[in-house]
Amino acid sequence: MIVTKMLVGDSIICVDLKGIGDKVPMTVGKKYEILSIASDGLIEVISDVGTKTYYLKNRFILLSDFREDKLNKLLGEVE
């Protein structure tokens, strides 16, 4: 998997909600936009219910990295 630095304004995909609980207003596989990045590494996004919320950065992957990872998996299945 490729890891690229996340910046404010980047499109990201939620890939992990383990350990957060059942009432998290986020969806795995859904695209979000980074609104801000806190000094402790948390990123702020608008949740599925429309509230600005901070989450751990490792719960997301950049959209470009997500696409490249999917493409690599597809190409690996063909070979």
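Strands β4 and β5 run antiparallel and are joined by five bridges; strands, like helices, are DSSP runs numbered from the N terminus (E, at least two residues, for strands; H or I, at least four, for helices). The model is predicted, so local features need pLDDT of at least 70 and side-chain atom pairs count only at pLDDT 80 or more, while totals for chains, interfaces and linings use all residues. Residues are numbered from 1 along each chain as its sequence is written, and side-chain values use heavy atoms, with hydrogens and water left out. The protein has six strands and one helix, arranged from the N terminus as β-β-β-β-β-β-α.

**Sheet**

- An open sheet is formed by three strands in the order β3-β4-β5, with antiparallel pairing; two strands pair if DSSP finds at least two bridges between them.
- The edges are taken by β3 (36–37) and β5, each of which has a single partner strand, so one side of each is left without a neighbour in the sheet.
- Strands of a sheet pair through backbone hydrogen bonds, either parallel or antiparallel.
- E44 stands opposite Y54, which belongs to β5.

**Nonpolar core and burial**

- Twelve residues make up the largest nonpolar core: M6, I12, C14, L17, M26, Y32, I34, I43, V45, Y55, F60 and L62.
- Strands β1, β4 and β6 are the elements that give two or more residues to this core.
- A nonpolar core is a set of buried Ala, Val, Leu, Ile, Met, Phe, Trp, Tyr and Cys residues joined through side-chain atoms within 4.5 Å.
- Of the 79 residues of the protein, 28% count as buried; buried means under 20% relative accessible area, exposed over 50%, and partly exposed in between (1.4 Å probe, protein chains only).
- The accessible surface of the protein comes to about 5400 Å², and 55% of this surface belongs to carbon and sulfur atoms; the areas come from the Shrake-Rupley method with a 1.4 Å probe, and for residues only the protein chains shown count as cover.

**Aromatic pairs**

- The structure holds two aromatic pairs, defined by ring centres of Phe, Tyr and Trp (its six-membered ring) within 6.5 Å, where planes under 30 degrees apart count as stacked, over 60 as edge-to-face and the rest as tilted.
- Y32 and F60 form an edge-to-face pair, at 6.2 Å centre to centre and with 80° between the planes.
- This pair links distant parts of the chain, with Y32 in strand β2 and F60 in strand β6, 28 residues apart.
- Y55 and F60 also form an edge-to-face pair, at 6.2 Å centre to centre and with 65° between the planes.
- Y32 and F60 are both buried; the relative accessibility of F60 is 6%, and Y55 is buried with a relative accessible area of 8%.

**Salt bridges**

- Three salt bridges are present in the structure, each being a side-chain nitrogen of Lys or Arg within 4 Å of a carboxyl oxygen of Asp or Glu.
- D16 forms a salt bridge with R59, in which the closest N and O atoms are 3.4 Å apart.
- The partners lie 43 residues apart, D16 in the loop between β1 (11–14) and β2 (31–33) and R59 in the loop between β5 (52–56) and β6 (60–62).
- R59 counts as buried, at 11% relative accessibility.
- K30 and D48 meet through their side chains in a second salt bridge, at 3.0 Å from N to O.
- K30 lies in the loop between β1 and β2, and D48 in the loop between β4 (42–46) and β5, so the pair ties together parts that are 18 residues apart in sequence.
- K30 is partly exposed, with a relative accessible area of 36%, and D48 is partly exposed at 31%.
- K73 and D69 form a salt bridge with an N to O distance of 3.5 Å.
- Because K73 and D69 are four residues apart in helix α1 (residues 63–78), about one helical turn separates them.
- K73 counts as partly exposed, at 48% relative accessibility.

**Contacts along the chain**

- Among contacts between residues at least 6 apart in sequence, 45% join residues at least 24 apart; contact means heavy atoms within 4.5 Å.
- L7 is placed in the segment before β1 and counts as partly exposed, at 46% relative accessibility.
- Leaving aside neighbours within four places in sequence, L7 is in contact with I34 and I37.
- The C-alpha atoms of L7 and I43 are separated by 9.4 Å, the two residues being 36 apart along the chain.
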